[in-house]
Amino acid sequence: MNILAWIVLGLIAGAIAKAIYPDHQGGGILGTIILGIIGAFVGGSLGVFFQTGTFTLAAPTLSIPGILVAILGAIVAIFLWNLLTRRSAA
């Protein structure tokens, strides 16, 4: 059941992050879910790091604060993905 909650959290967080981020992203529904799940781990890990000072791989729960953390993490993931895949205009 935990995996299903992560998929739902990933779908919600990824869709909202894609709507908020100003640049166009492709990927479809599967890309949105994967982006949201990665964002949940990034946001959860950053949240634990800022609270405790130690780096731990963590994911937030399916709650309002968890969704907000996952959205912020997904926005960071979109930004990093765009930095890695940016092509220079030549």
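This is a predicted model: local features need pLDDT of at least 70, side-chain atom pairs count only at pLDDT 80 or more; totals for chains, interfaces and linings use all residues.
Local features need pLDDT of at least 70, side-chain atom pairs count only at pLDDT 80 or more, and totals for chains, interfaces and linings use all residues. Residues are numbered from 1 along each chain as its sequence is written, and side-chain values use heavy atoms, with hydrogens and water left out.

**Overall layout**

The protein has 3 helices and 0 strands. From the N terminus the order is α-α-α. Helices (H or I, at least four residues) and strands (E, at least two) are DSSP runs, numbered from the N terminus.

Of the 90 residues, 31% are buried. Buried means under 20% relative accessible area, exposed means over 50%, and partly exposed lies in between (1.4 Å probe, protein chains only). The protein exposes about 6000 Å², and carbon and sulfur atoms supply 75% of that area. Accessible areas come from the Shrake-Rupley method with a 1.4 Å probe; for residues, only the protein chains shown count as cover.

Contact means heavy atoms within 4.5 Å. Among contacts with a separation of 6 or more, 57% join residues 24 or more positions apart.

**Helix H2**

H2 covers residues 28–52. Its 25 residues should span 36 Å at 1.5 Å a residue, and its end C-alpha atoms are 36 Å apart, so the two values agree. The expected span is 1.5 Å times one less than the number of residues. Buried positions in H2 include Thr32, Ile33, Leu35, Gly36, Gly39, Ala40, Gly43 and Gly44. An α-helix has 3.6 residues a turn, so residues three or four places apart point the same way. Gly53 follows H2, with a positive phi near 85°.

**Nonpolar surface patch**

Leu46, Phe49, Phe50, Phe55, Val76, Phe79, Leu80 and Leu83 form a nonpolar patch on the surface. Together they have about 790 Å² of accessible area. H2 and helix H3 (64–85) are the elements that give two or more residues to this patch. H3 gives the most, with 4 residues. Patch residues have over 30% relative accessible area and no salt bridge, and nonpolar side chains (Val, Leu, Ile, Met, Phe, Trp, Tyr) are joined within 5 Å. A salt bridge is a side-chain nitrogen of Lys or Arg within 4 Å of a carboxyl oxygen of Asp or Glu.

| Residue | Place | Relative accessible area |

Asp23 and Phe79 are 56 residues apart along the chain. Their C-alpha atoms are separated by 9.5 Å.

Terms used:
Patches are made of residues with over 30% relative accessible area and no salt bridge: like charges are joined within 9 Å, nonpolar side chains (Val, Leu, Ile, Met, Phe, Trp, Tyr) within 5 Å.
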